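Dear colleague,

My notes on it follow.

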Amino acid sequence: MNRCMKFISGAHMATDALLEIRGLDLRYGSSHVLHGVDLNLGDRPLGILGRNGMGKTSLCNTILGLHPNSAGTIRFDGVDLSGLAPEKRASMGIGYVPQGRRVFRSLTVEEHLKIVARKGGAWTIDRVYETFPRLKERRRNLGNALSGGEQQMLAIGRALLLNPRLMVLDEPTEGLAPAIVSDVVKLIELIAQEGIAVLLVEQNLHAALASVKDVAIMVGGEVVERMTAQALEEDTAMQKRHLGLEPGQAG
Amino acid sequence: MTLFLIVTLNGLTLAALYFLAASGFSLIFGLMRTVNMAHGALLLLGGYVGYSVVDLTGSWALGVMGGGVAAALAGALVQFGVLGWMQGDELRQTLASIAISIIMADLMLWYWGGITYQVELPEALAGGQRLPVLGVGYANIRLALMGFALVAGIALWLLIQKTRFGAVIRAGVDDQDMLRALGYPINRIFVLVFALGGLLAGMAGVVAASALSIAPGTDLQFLLSSLVVVIVGGMGSIGGAALGALLVGLAEQYGLAYAPTYGVVFTFAIMVLVLAVRPQGLLGKAEQ
């Protein structure tokens, strides 16, 4: 399992990482989804790239505790998360914006925010409405009556109300119009400026490169490369090899 | 005409009871995917406790509350002590809840015996009256039962639709994992919802013991009707439980009055029809 690549990527890992993943294994019945994933995340927003089915979403779900990992450890702010329920991890400060957005179809926009809002945090319902004026206009609409872009704003807004220290975003630009994609990119920058650590899973290479500083590439349930976003942007051979992109293709 | 009116009123009475019994069952089913086969036992427990409280204190209202609270505590205990440990394993939960229902039924048989109980009615609810417009006489307690179901239904609807706790329950029905990822300790919510379901079932038991009567076997009768009501109306929906209860209650009584031989088939014909045309139930939401 220990490839030389991991030693190299391990060499420049910060020791004071907010999120520290070591040798993470996930099995689903007979399929082995994650193979000893090692990953550190600190202040610099990190993008996780890879083709479909490489274990990116499974990694997110495992970080949140929605799938129990078979081996390995996840430490968040120095605390071992093993055996902790998802709700515990959320209240420790991990916000989750899941793939497909997963807004509640029978809750209004306002109810989505109300059930998450706590007193005394940096993010309040009013602040979410200020950041997303569109949500305020649609506050009485049900989750499934919203457009894809609005659902994405809501998914991000409700995660922000947890006042997280780490935000895990799983393909937030999936299925959105190009104009909305650039809104989401700006939003991820804003989240990072708030001092919230960002773990962004993306299929859209350009959106990812625009919103994060570092990238890790997953192939077959392992992290095989870790580099700066800029380095990946310039390395079209790497893009082609691991992401299946021809130079200049949007992804 | 008089027969039709009386049969309709009987159908509505039965529907009111079925609604009280099934609404809690439906909430639990919708939120946790748990088929709580002990729901009928909770109802019977509530009925017995209500009878004993009325016997002891002479107050019918206290009896209804006592029956409700006893069944709520028992429901919370079932979830906290047994079913909560097998969350996500619906088959095992279902089997365990069947075991619990058999154990509860035997314990109740041991304590209250095998006789039929009817709760003594307060003076205001005893007797009957001639209904204006319709021109037929009907028992006060049955009219009160319909009113009680209506009030309980509206209160439940307000709780689910207008309060924060209700929003959390709806969110849990929609997407349990997402609710957990937003910091909600789902197990505590499950225990609360089980208590709420038990409360409704327990009160239904006391009311059933007042308007009709209860005996060993009443638990299974109401469990079966709750299952049918939830399948017809759609799980996790209060409106669905009301609609399902109305259809089943009326079908049962019309069947009994106009086609006694085939009466029992009506209920199941409705169920089969709904399953064929709208498997998620009339007011249920399709799985995403």
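In what follows, a residue is called buried if 20 or more other C-beta atoms lie within 10 Å of its own, exposed if 12 or fewer do, and partly exposed in between, with C-beta atoms placed from the backbone. This is a predicted model, in which local features need pLDDT of at least 70 and side-chain atom pairs count only at pLDDT 80 or more, while totals for chains, interfaces and linings use all residues. Residues are numbered from 1 along each chain as its sequence is written, and chains are lettered from A and ligands numbered from 1 in the order in which they are written. Helices (H or I, at least four residues) and strands (E, at least two) are DSSP runs, numbered from the N terminus.

I begin with strand β8 of chain A.

Two strands are taken to pair if DSSP finds at least two bridges between them. Strand β3(A) (residues 46-49) runs parallel to β8(A) and is joined to it by 4 bridges, with L49(A) opposite E202(A). Strand β7(A) (residues 166-170) is also parallel to β8(A), through 5 bridges, and V168(A) stands opposite L199(A).

Elsewhere in chain A, strands β9 (residues 214-219) and β10 (residues 222-228) pair in the antiparallel sense over 6 bridges. D214(A) lies opposite T228(A) in β10(A). The two strands form a hairpin with 2 residues between them, and G220(A) in the turn has a positive phi of about 55°.

Chain A also contains an open sheet of 4 strands in the order β2-β1-β4-β5, with antiparallel pairing. Strands β2 (31-41) and β5 (79-80) of chain A stand at the edges with a single partner strand each, so one side of each is left without a neighbour in the sheet. Within this sheet, β1(A) (residues 19-28) and β4(A) (residues 71-76) are antiparallel and share 5 bridges; R22(A) stands opposite T73(A).

In chain B, helices α3 (residues 60-81) and α8 (residues 186-211) pack at an angle of about 145°, with their axes 6 Å apart. Axes are lines fitted to C-alpha atoms, for helices over the stretch in contact, and angles run from 0 to 180 degrees between N-to-C directions. By class, this contact of α3(B) with α8(B) has 17 nonpolar, 9 polar and no charged residues. Ala, Val, Leu, Ile, Met, Phe, Trp, Tyr, Cys and Pro count as nonpolar, Asp, Glu, Lys and Arg as charged, and the others, Gly among them, as polar.

A74(B) belongs to helix α3 of chain B and is buried, with 22 other C-beta atoms within 10 Å. Leaving aside residues up to four places away in sequence, A74(B) touches L42(B), L45(B) and G198(B), contact meaning that C-beta atoms, placed from the backbone, lie within 7 Å.

Finally, the contact between the chains takes 16 residues from chain B and 20 residues from chain A. On the chain B side, α6(B) gives the most, with 6 residues. The residues of that side divide into 9 nonpolar, 1 polar and 6 charged.

With kind regards

Definitions and conventions:
Contact = placed C-beta atoms within 7 Å.
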